[in-house]
Amino acid sequence: MKIISCVLVFAMLAISVPMVAAQDKVYFVPQGSIVDGGYCNSADVEIWVNATEFKSGQINLSYNSNCANVTNYAWNTTNFPMSGWTHHDGREWITFMTSMPSLTGNYQIGTLTIHCESDECTTPLNFIEGSKL
C-alpha cells in the first residue's frame with residue numbers, strides 16, 4: 001500500500017516596523033509542518049501576535065496554490081472586531097484592528113482553514129511584503 005502525504009510548511013517571520021519593539025512578532029500555531037497521515041484533508045492554523053502597545057496590523061501571506069488553498073478565515077472578534085480577509089490564488093490579505101486604545105501581550109488574530117490540493121506537494125506559507133503591525 002502506497003502512503004502519500006500532503007505537507008504544508010509554515011515559515012515564521014517577525015513582523016516589525018519603526019516604533020514597534022524588536023520582540024514583537026506574528027507567528028503560526030502549530031509551527032513547522034503539518035503531515036496529514038496519508039490523507040489530503042483540511043487543517044486549521046492559528047495566527048498569533050505577541051506585541052507591545054499595538055492597535056492594528058495587516059498580514060500578507062503567500063503559498064503555492066497548486067499544493068494548498070485557504071478555504072476560510074475566522075478572525076478573533078473579541079479582540080479584533082474590525083477585521084477583514086481577501087483571498088486570491090496563492091495569497092491571503094488579512095487586516096485586524098482592536099477597538100481598545102492599544103494591546104500588549106499575546107493574542108490570537110484568527111484561524112485559517114487550509115485544504116491540501118495535492119498529495120505530492122510541499123509549500124511554504126510565508127509572511128511577505130506588506131505585513132506589519
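## A buried phenylalanine

Is Phe80 buried or exposed, judging by its relative accessible area? Phe80 is buried, because its relative accessible area is 0%, and the cut-off for buried is under 20%. Please keep in mind as you read on that this is a predicted model.

Phe80 sits in the loop between β6 and β7 (82–88). Among the residues that Phe80 meets is Ile109, whose contacts include Phe80 and Phe96.

## The nonpolar core

Let's turn to the core. In soluble globular proteins, nonpolar side chains tend to be buried together. Here the largest nonpolar core has 24 residues. Within this core, the members that touch the most others are Ile47, Val49, Ile59, Leu61, Ile109 and Leu112. Several strands contribute at least two core residues each: β2 (25–29), β4 (42–54), β5 (56–62), β6 (68–75), β8 (91–97), β9 (103–116) and β10 (122–127).

## Aromatic pairs

The model holds seven aromatic pairs. One of them joins Phe28 and Phe127, which counts as stacked because the ring centres are 4.8 Å apart and the planes meet at 15°. Phe28 belongs to strand β2 and Phe127 to strand β10, so this pair ties together parts that are 99 residues apart in sequence. Both Phe28 and Phe127 are buried.

Phe80 and Tyr107 make an edge-to-face pair, with 6.5 Å from centre to centre and 80° between the planes. This pair links distant parts of the chain, since Phe80 is in a loop while Tyr107 is in strand β9, 27 residues apart. Tyr107 counts as buried too, because its relative accessibility is 18% and the limit is under 20%. Ring pairs also bring Phe80 and Tyr107 into a cluster with Phe54 and Phe96.

## A charge over a ring

There is also a lysine to look at beside a tyrosine ring. The charged end of Lys25 sits over the ring of Tyr27, at 5.2 Å from the ring centre.

Terms used
Residues are numbered from 1 along each chain as its sequence is written. This is a predicted model: local features need pLDDT of at least 70, side-chain atom pairs count only at pLDDT 80 or more; totals for chains, interfaces and linings use all residues. Side-chain values use heavy atoms; hydrogens and water are left out. A nonpolar core is a set of buried Ala, Val, Leu, Ile, Met, Phe, Trp, Tyr and Cys residues joined through side-chain atoms within 4.5 Å. Buried means under 20% relative accessible area, exposed over 50%, partly exposed in between (1.4 Å probe, protein chains only). Helices (H or I, at least four residues) and strands (E, at least two) are DSSP runs, numbered from the N terminus. Contact means heavy atoms within 4.5 Å. Rings of Phe, Tyr and Trp (its six-membered ring) pair if their centres lie within 6.5 Å; planes under 30 degrees apart count as stacked, over 60 as edge-to-face and the rest as tilted. A charge sits over a ring if NZ of Lys or CZ of Arg is within 6 Å of the ring centre and within 35 degrees of the ring normal. Lists of a residue's contacts leave out its neighbours within four places in sequence.
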